[in-house]
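The entries follow the order in which I checked them.

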Amino acid sequence: MTALLHAAGLTKRFGGLVANDAVDLDVGEGEIHAVIGPNGAGKTTLLAQLSGELSPDAGSIHFGGREITAWPVAARARLGLARSFQITTILPSFTVRDNVALAVQGRERHSFKFWRNAARDPALNAPAAKALDRVGLAAHADRPAAALAHGQKRRLELAMALAMRPKLLLLDEPMAGMGGEESAEMVTLLAGLRSQAPILLVEHDMDAVFALADRITVLLHGRVIASGPPAAIRADTRVREAYLGDDAANGGA
Amino acid sequence: MDDAGAPTARRRRVVHGVLLALLLLLPPAAMALGEPFYVSLATRILIMALAAASLNLILGFGGMVSFGHAAFVGIGGYVVGIAFVHAGDGSAFLGLLPGTTNGLVLLPLAMLVAGLIALPIGAVCLRTTGISFIMITLAFAQMLFYLLVSLRRYNGQDGIAVWQRSSLPWPIDLNDRVSFYYLALAVLVAFLALTHRLVGSRFGRVLRAAKDNERRARALGFHTYRYKLVAFVLAGAVAGLAGALFANATGFVGPSYLRWDRSGDLIVMVVIGGIGTLAGPALGATLLMLLEEFMPEALDGLVPGLGEHWKIFLGPILILIVLYARRGLAGLIDGVPGGALWRHLRPEPEPGKPPRRWRKRR
Ligand SMILES: Nc1ncnc2c1ncn2[C@@H]1O[C@H](COP(=O)(O)OP(=O)(O)OP(=O)(O)O)[C@@H](O)[C@H]1O
Ligand SMILES: [Mg+2]
């Protein structure tokens, strides 16, 4: 098994509901792997298990050759799994810079350092500035994160993930709630990240998915109904019926 | 530590400097006025301010609403009390530790014991959050309360009269009220300075992040539990120190130190003073203890017998402060006038939207 991330047979039940049913999934180096599926298909549930927020009822997760199925969230993050959330999850009372600087701080072995001022530490602020520049938020570094507009908050979350020096990005609908122009910018941004870290991308925006993905996995009612290169997914009749609808299938990227 | 602009920071420095100068001048002024009692009252206030400031470290900066913080104050007090009992009759605690009244032993020991007890309590309580955390910290404090009530060797309910103060090396002398006052002031200022550094450090930033959005902090790779636990233990230890000093200041320690309403008082001090501010807990402690000291008498002067029920009048005062003083009394230092009521009447515009007044007229 050479894939960076390898999940096998992931199953998660909520009471009687099977949110993930024996899901298999790989992400390789340099790859953008998109997971699509209608609302409630179990995409976020899958990401939550990969990032450690939910523990699977069955199945296993390997990352970088290590079995991490039972690892807590923080330990996985330290291993290089960086997640952005479907619902923006930032530190609202921190400044934009401090949000990202904290992500940089997370790379250090520990933060049991009680005396030196962190806010004025160039070792944290310089990499933070770089990540903010990358997502186009450099001009907003001093603002409280809560004051950002929605699209900016999404980009801040991405900057935090980047500042972690991730080995794999787990992105849950990074374009959610964005306008057309903003989404297009995000697509360009994500395309440029491919060289830096592979991406597991959950997204409803089909233009974005077909523009970016090397591989697509389709979830329906918690089950993988198709997985393969975009062309194959577009041609897959089951996917068309179940999910894509004709215009998306024909239109594509 | 919030992100105050430069003018606010300067203003705070000036106000803090003035407050400190006034505190330094208080003993000579009180003595000159022939009111040495005020020095002792101020000493007790400074010690309670220390206890409130230690709670603020976890409540204000870490978002941990501990409803059992007085337990650690009580433990610190009991270290002094129990050591005094054994020093008095020459016996040994658990047949092992001889008693003492040496402050150089007792004050660090009070911190150590309170911290060591805070460790397992925190380790359990921090598995929970929200209301559960509040309730379980309260439960632990109540357990310790009843344990001490049941210890007949240490007078149970009645507590211990500590009529010999802890001895400390020259020039500190706890029997001299002015000397005691300056010690309490020095300890408080030192702890506030430490808090200031701590909150701005890498550790403090993780702690604040855990309060702001714990899910995010974890996703960034921080085992927030460990950071919160360290803060909890540190706060417990400092509360223990406050308790040891308080037992010396009042010459008494009893289970009442740990009672739930004492924990509630500490929360009230932090809230009215200003949660997560540096000077707030001290201001809150000052206000609450002054009210406690003078309101019963004042009320009795109005209607005999009313003084007993002074806490009924405390409630509305607290509500007014919460409504009108944003960020508590410490918010007044920053010149921020309104509280919840103010915000209701004059809501801040959401980013990207014009203020409401404009929108209405369109
Ligand atoms: N914590 C939970 N408890 C109970 N049911 C849950 C929980 N989380 C998710 N579910 C259910 O599991 C199913 C899958 O949810 P999930 O959030 O993974 O879907 P999704 O594919 O991310 O959907 P969307 O596109 O709307 O984000 C849904 O039916 C949802 O209601
Ligand atoms: Mg989802």
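**Shell of ligand 1**

I sorted the shell around ligand 1 by residue class and found four nonpolar, seven polar and two charged residues. For this, Ala, Val, Leu, Ile, Met, Phe, Trp, Tyr, Cys and Pro count as nonpolar, Asp, Glu, Lys and Arg as charged, and the others, Gly among them, as polar. I note that this is a predicted model, in which local features need pLDDT of at least 70 and side-chain atom pairs pLDDT 80 or more, while totals for chains, interfaces and linings use all residues. Residues are numbered from 1 along each chain as its sequence is written, chains are lettered from A and ligands numbered from 1 in written order, and side-chain values use heavy atoms, without hydrogens and water.

I then asked which of the 13 residues around ligand 1 come nearest. They are A:Lys43, A:Thr44, A:Thr45, A:Gln86 and A:His204; a residue is near if one of its heavy atoms lies within 4 Å. Helix α1(A) gives the largest share of the shell, three residues. Helices (H or I, at least four residues) and strands (E, at least two) are DSSP runs, numbered from the N terminus.

I looked for N or O pairs within 3.5 Å. A side-chain N or O atom of A:Asn39 is 2.8 Å from an oxygen atom of ligand 1. From the backbone, A:Ala41 places an N or O atom 3.2 Å from a ligand oxygen, and a polar atom of A:Gly42 is 2.9 Å from one. Of the 640 Å² of accessible area that ligand 1 has on its own, the protein covers 61% (Shrake-Rupley method, 1.4 Å probe).

**Magnesium site**

I found the magnesium ion (ligand 2) coordinated by OG1 of A:Thr44 and OE1 of A:Gln86, at 1.8 to 2.1 Å. Donors are N, O and S atoms within 2.8 Å of the metal (3.2 Å for Na, K and Ca); water is not among the atoms, so sites may look incomplete. A:Thr44 lies in α1 (43-51) and A:Gln86 in the loop between β6 (81-84) and α3 (96-105), so the pair ties together parts 42 residues apart in sequence.

**Hairpins**

Strands β1 (5-14) and β2 of chain A share seven bridges, with A:Arg13 opposite A:Val18. Two residues separate these strands, and A:Gly15 has a positive phi near 60°. Strands β9 (215-220) and β10 (223-228) of chain A share five bridges.

Methods. Polar contact = N/O pair within 3.5 Å; in protein donor to acceptor, adjacent residues only side chain to side chain. Pairing = 2+ DSSP bridges.
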